[in-house]
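Here is a short briefing on a multi-chain model. Please keep the sequence and the structure in view while reading.

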Amino acid sequence: MNLLDLVILIPAIGFLAALFIPRANEQFIRLFTLGVSLLTFVASLGLATGFDKNAAGQQFVTNFVWIQNPEIHYHVGIDGLSLWMVLLATFLTPIAILISWTSIEDRVKEFFALLLLLEFGLVGVFSAWDLFLFYVFWEIVLVPMYFLIGIWGHDRRIYAAVKFFLYTMAGSVLMLAAIIFLYTQAGTFDYVTVLDQLQSGRIALSHLQETLLFLAFFLAFAIKVPLFPLHTWLPDAHVEAPTAGSVMLASVMLKMGTYGLVRFCLPMFPVAARENSGWIVTLAIIGIIYGALVAMVQPNMKKLVAYSSVSHLGFVVLGVFSFTQVGLDGAVYQMLNHGISTGALFVIVGFLYGRKHSLLIADFGGVATAAPWLSIMFMITTFASIGLPTLNNFVGEFLILQGAAIRNFTWAAFASLGVILSACYMLWMYQRVFFGRAAGEPEPADDHGHGAHNDHAPVHTHAVHGGHDSHGHGMPDLSLREWACVLPLVMMMVWMGMYSQTFLPAVSAQDARILTTIEKGPQASNVNITPVSGGSAHAR
Amino acid sequence: MFKLWLIPLLPFLGFLINGIFGRKLPKLVINAVAIGSVVASFLWVALVVGPSTDWGEHKVQAHYFTWIQSGNFNVGWDFAVDKLTMIMLMIVTGIGSLIHIYATSYMDHEGGYYRFFAYLNLFMFFMLNLVLAANYLILFVGWEGVGLCSYLLIGFYFHKKSATNAGNKAFIVNRVGDFGFALAMFLVFINFGTLNFNGVFAAAPGKPVETLTAIALLMLVGAAGKSAQIPLYVWLPDAMEGPTPVSALIHAATMVTAGVYMCSRSSVIFLHAPAAMQVVALIGLATAVFAATIGITQYDIKKVFAYSTVSQLGYMFLGVGVGAFSAGIWHLMTHAFFKALLFLGAGSVIHACHGEQDMRQMGGLRKYAPWTCLVLACGSLAIAGFPGTSGFFSKDAILTAAYAHAPWMFWVGVVTAGMTAFYVWRAFWMTFWGDYRGHGKPHESSWVMLAPLMVLAVLSLAGGFLFNVPEMLKDMFPEHGEVPEEHMLMAISVAAGLIGIALSWYMYVVNTELSGKIANALGGVYRLVNDKYRVDEAYDAAIVEPIIHGSSAVLWKTIDQGVIDGAVNGIGARAQNVGGLLRRIQSGNIRSYATWVLAGSVVVIILMGIAGGVR
Amino acid sequence: MDPAQIAGILKQGAVPTSWYLALSAVLFVIGVAGFVLRRNIITVFMCIELMLNAVNLSFIAFAHEHKQVSGHLFAFFVMVVAAAEAAVGLAIILTVFRNRSTLNIDEIDSLKN
Amino acid sequence: MDPLFFLLFAFITVACGVNVVLQKHPISSALSLVAVMASLAVLYLLLGAEFLAMAQMIVYAGAIMVLFVFVIMLLNAGTEATRGRSWTATIFGIPAILILIGALAYFMQTGMPQLGSVKFGDFRGGGAYQVGYALFTEYLLPFEVTSVLILIAIVGAIVLARKELD
């Protein structure tokens with residue numbers, strides 16, 4: 001029983017324990033789940049500090065046979081790839097609990113318990129090293145999210161929940177089939193063994209088999225990512241989900257897809273991955289631009305952020321399939337960045353919803369006057385999402401694009417268009433929501449004509465009036481609890497943007513290992529592929 | 001040793017203090033923090049870093065921490081100071097200090113006072129970061145950061161839709177430029193394996209010309225965005241929505257010149273890519289002429305100066321493009337002096353006229369605001385290239401270099417110089433001569449505002465021979481050939497300036513009817529120019545509208561909701577049709593469910609029986 | 001199985017295990033038929049018990065056949081489960097009746113749609 | 001003697017089983033079911049399962065069936081309504097049952113391996129001692145799990161059946 005097992009088990013125990021709390025004690029349930037999630041987070045911090053960042057390979061391993069026949073291991077461990085994913089999940093769960101503190105009023109117990117179950121599943125997914133165990137966790141995650149959307153969602157929640165469930169199931173069934181096929185070949189579900197057998201050539205897959213297996217895994221992950229054109233479940237799910245659901249969905253669950261690509265698709269099927277990288281990257285780039293363009297015309301804030309996720313995750317897929325150290329590092333880093341910044345976007349959109357009970361951009365305006373700190377926090381998040389240097393997304397996006405450019409400059413050129421477009425949609429939304437005057441307030445005759453712009457118009461602006469003037473009604477500034485949700489996220493944005501060295505070395509070490517396994521792949525020499533040795537070829 | 005980090009960090013601390021606590025602080029403290037931090041970093045530059053460095057080949061380098069490290073991609077937070085940087089540092093901190101002082105009075109009655117100074121300090125932080133950077137990525141940090149501050153400050157009056165629109169436009173157009181810059185960086189890293197200036201410039205001469213040309217052209221895209229060159233200049237005139245000190249500091253003196261700085265910094269790359277140089281020169285020249293023609297027709301005093309800025313930036317690019325990097329930097333510096341002066345003076349005028357910006361509502365102000373009139377006259381003389389003023393020296397250096405490169409460029413430049421003199425003096429006459437046409441009684445500005453103006457006026461007049469930039473930078477950039485007819489050329493350009501001034505005097509003081517007649521005579525052409533060639537409208541129609549409508553109607557409504565969701569739902573519907581029977585099964589009737597369970601188990605039993613049972 | 005064989009068996013005084021199994025099968029089919037055809041929810045429930053009993057009979061028959069006690073234990077557990085099931089099932093029936101005032105299985109169709 | 005007992009009680013079992021299904025009133029079905037249980041208990045005894053025979057009488061015929069009768073009385077269930085909508089059950093159900101019978105008969109006829117026969121007293125392993133011994137040694141864990149199951153069932157039954165308090 002090491003620390004990682006604790007991190008996995010605490011939420012599970014917390015979930016079970018929460019079920020036994022009488023439902024009338026709502027406040028206690030909230031405090032209890034918050035406590036459990038914080039405890040998990042603290043324990044996971046231990047993982048980060050105890051982690052040897054320069055070593056590739058798993059650490060904190062627990063491995064024993066869970067089921068004899070068929071041989072299924074309880075094999076968990078973390079490496080540089082999963083370490084930060086686990087931390088992302090444990091970091092965001094307390095925040096998800098905090099933002100639901102008052103907004104969830106019915107079935108309080110189930111809601112908060114399900115969040116713990118979700119955390120359990122997410123931590124499990126990111127630390128499982130047994131294919132079957134991975135699949136089990138993968139499906140466990142689905143259940144609480146289905147209920148979170150289906151029970152506490154908005155008007156079209158059932159439609160959204162079912163769509164979400166069916167899409168994901170469609171993919172994961174194929175993945176299960178592939179896993180079982182691998183089991184028939186390898187005789188075990190243990191990922192390390194399977195991988196070893198694949199790489200040493202003891203399992204000789206025909207070319208067709210490898211391609212099909214790759215596609216089966218890829219499809220499951222691509223739906224989760226979601227990659228264009230499999231993304232249409234995402235906007236619906238986000239719009240209908242409660243805030244905490246959106247946060248967890250966008251920030252952590254989507255990463256299951258990209259994580260899976262890096263963890264399973266690349267090392268197991270290197271040849272197929274490379275052969276198929278062309279159209280995958282094309283789809284990713286289409287997704288980047290398409291998501292951004294569609295985001296630009298959304299009237300609904302959550303939909304906008306959802307489509308922006310499609311765009312941002314396109315970057316991640318691009319980075320993964322650039323097969324360069326730089327691109328892959330960037331992709332993994334971008335997963336974390338996107339988790340933090342999009343999480344924060346949803347958190348703040350949730351605050352806005354709590355104040356006005358609307359998600360439509362048109363219903364807002366002039367928020368900056370009434371709630372300056374809220375606006376500032378949202379602005380920082382907006383710029384993080386746009387990819388402003390010194391904030392987190394920039395590091396990831398830059399590395400991804402650099403990696404893509406090393407592989408194929410045209411890719412980078414097209415993908416960079418997404419960076420321009422992201423500024424368009426985010427700033428446009430920001431302007432309409434926070435600037436100007438509150439919806440319903442008459443716009444004074446603004447003479448646009450020749451040079452009548454008046455520096456000295458009586459601008460009764462800004463904070464000076466705080467939330468107490470006429471347009472401040474129903475739009476209070478951040479409360480203490482809301483500060484507690486937003487501030488950690490914003491601080492993480494700055495930290496990750498300014499000092500990526502805290503995070504990147506562990507990722508780099510693992511990525512380097514994945515890339516070498518790809519290059520050493522047994523059949524790699526049979527297929528003629530452009531060199532993928534990263535920038536080194538040019539750099540020396 | 002030199003604690004270079006102190007230079008940007010001081011304004012940053014000012015930003016933090018004013019930004020976080022500013023709402024509760026008294027104005028005096030805000031002023032002290034805002035001005036103090038900038039002045040302190042100016043003093044640090046001027047008194048510590050400047051004098052104590054041996055400016056031979058010497059270069060101060062500092063590495064603070066590794067920012068991004070992945071594989072062989074390694075970028076540190078590195079600063080470096082050489083002479084070019086030193087000049088930029090002096091300009092930025094010096095003019096920045098003056099404008100901060102000016103702004104305390106100018107913004108006195110505005111809401112969000114603390115916010116304004118917090119943003120200004122943040123801008124200083126990023127701008128200093130930009131000029132101190134020792135690699136492209138840190139330069140890019142400053143590059144994007146100043147864009148952010150520009151966005152924030154243009155949209156400072158965020159109640160006004162036009163202001164926030166202008167802010168968005170500035171940021172997004174700049175993003176288009178940054179797109180080019182980012183691609184340039186990718187190419188640099190691919191080809192050089194590093195983004196450090198030292199490494200890149202050392203290796204650049206050995207690289208193929210095509211590569212360097214591609215890099216240089218992409219950098220030019222970035223520079224065109226930031227420095228408002230064709231075709232990305234459209235944001236700068238709109239940026240005048242911001243408070244006037246912002247226009248002076250960011251949109252005239254410092255930020256918009258970052259493109260010129262970047263090109264000069266990358267001079268090694270540009271010098272080895274002659275084709276790219278030619279493009280730079282052409283774009284610069286085209287922008288200079290184009291913006292000057294628009295400037296002639298504008299009535300908003302800030303718009304006039306905005307187009308003038310675009311035009312002057314074109315000059316700087318012309319200088320860079322013809323290989324006269326030091327002349328470009330020289331003009332950058334003198335332009336910073338006189339354009340900051342012009343904008344701040346314009347701010348003073350606007351103040352005097354109670355917020356009026358339309359020159360047709362001004363006139364005769366020399367009686368009411370004599371000091372403002374005097375300093376603006378200095379600035380206008382300088383920009384017109386009046387002999388002895390700062391503008392004269394730098395413009396002449398650029399034009400001479402242009403003549404050496406291609407004589408026709410010189411002639412176009414001279415015409416532009418004439419136009420520049422014309423429209424600046426046109427603004428001057430319209431504002432200060434004639435009778436007051438506006439409402440209320442104009443008044444002179446406070447001494448807090450006038451003092452920085454006077455300093456700038458002195459610099460505009462004397463800056464040219466006080467700071468001989470080409471002399472300072474002569475070992476950084478290659479010499480360009482001497483032109484035999486140098487004095488002749490000088491005379492021509494001076495004459496062009498004087499003709500411009502005289503013509504404007506005739507048209508706006510002596511015979512005020514004439515301009516209207518000419519405008520009428522030109523008819524459609526005049527209206528086209530007055531409407532800024534309708535470039536904004538063309539961009540809207542050609543780019544913005546198709547994208548938005550296409551995204552909404554085609555991508556979202558048709559592809560997303562129609563094709564993809566349609567396909568998904570279609571599969572569902574097809575399944576329903578095929579499985580009409582299956583739907584019947586879902587009758588909700590328990591007994592029929594039981595029947596199906598039974599049927600299923602019968603099938604299983606039969607199959608197992610046929611297979612021989614389970615053993 | 002002709003009468004002569006049956007007579008032989010009767011004379012021998014030992015019953016073939018297959019007879020028990022046949023009985024079990026018959027009982028099971030009866031249970032199935034009731035389960036599918038009856039509409040009263042309580043009767044349906046009783047038919048389930050009938051099926052469980054049929055299965056128990058085969059367990060015990062095989063236990064005798066193999067002379068092992070494990071079969072008995074399985075039957076025992078089935079009984080326990082049946083007891084638990086009866087408790088919960090009847091509670092459900094009570095609740096359903098309270099809410100819908102009917103025991104007719106065909107009218108309890110809220111699973112529909 | 002054995003075959004006679006077997007045939008007698010087999011007949012009672014089948015007859016009462018059929019009666020369970022055919023009776024219109026649930027109380028009649030319930031009483032028939034008690035008879036089925038009882039005769040099965042005798043058959044168990046014949047098979048040497050003494051403990052289970054007793055358990056069958058006490059648990060099934062006693063406890064469970066009493067519960068059934070209780071509920072029937074409590075709900076005052078009348079004769080079954082003939083009204084019903086599930087044609088599926090009738091149309092597919094009866095053929096399915098017939099096929100099931102046929103299939104079972106056929107496979108038992110053909111596929112059943114040669115089995116021995118039962119004589120009362122052949123097997124003495126089904127007494128309380130043997131069952132109890134196995135239960136508390138080899139099957140201890142399932143036994144304990146069962147106890148938890150029953151606990152849950154009790155709790156569940158209470159939760160489900162109690163009237164809402166509010």
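What percentage of the 113 residues in chain C do buried residues make up? Buried residues account for 50% of them; a residue is buried if 20 or more other C-beta atoms lie within 10 Å of its own, exposed if 12 or fewer, and partly exposed in between, with C-beta atoms placed from the backbone.

This is a predicted model, in which local features need pLDDT of at least 70, side-chain atom pairs count only at pLDDT 80 or more, and totals for chains, interfaces and linings use all residues. Residues are numbered from 1 along each chain as its sequence is written, while chains are lettered from A and ligands numbered from 1 in the order in which they are written.

**Chain C**

- Chain C has four helices and one strand; helices (H or I, at least four residues) and strands (E, at least two) are DSSP runs, numbered from the N terminus.
- Their order along the sequence is α-β-α-α-α.
- Along the principal axes, the C-alpha atoms of chain C fill a box of roughly 60 × 30 × 25 Å.
- Of the contacts in chain C between residues at least 6 apart in sequence, 45% join residues at least 24 apart. Two residues are in contact if their C-beta atoms, placed from the backbone, lie within 7 Å.

**Which chains touch**

- Four pairs of chains touch, and chains C and D have the most contacts among them.
- Chains A and C do not touch; their nearest C-alpha atoms are 12 Å apart.
- Chains A and D do not touch either, with nearest C-alpha atoms 13 Å apart.

**Chain B against chain A**

- This contact takes 60 residues from chain B and 60 residues from chain A.
- On the chain B side, β1 (60-70), α5 (136-154), α6 (161-192) and α25 (535-578) each supply at least two residues.
- α6(B) gives the most to that side, with 15 residues.

**Helix α13 of chain A**

- Helix α13(A) (residues 325-356) has 32 residues, so at 1.5 Å a residue it should span 46 Å; its end C-alpha atoms are 46 Å apart, which agrees. The expected span is 1.5 Å times one less than the number of residues.
- α13(A) is mostly covered, with 28 of its 32 residues buried.
- His357(A) follows α13(A) and has a positive phi, near 55°.
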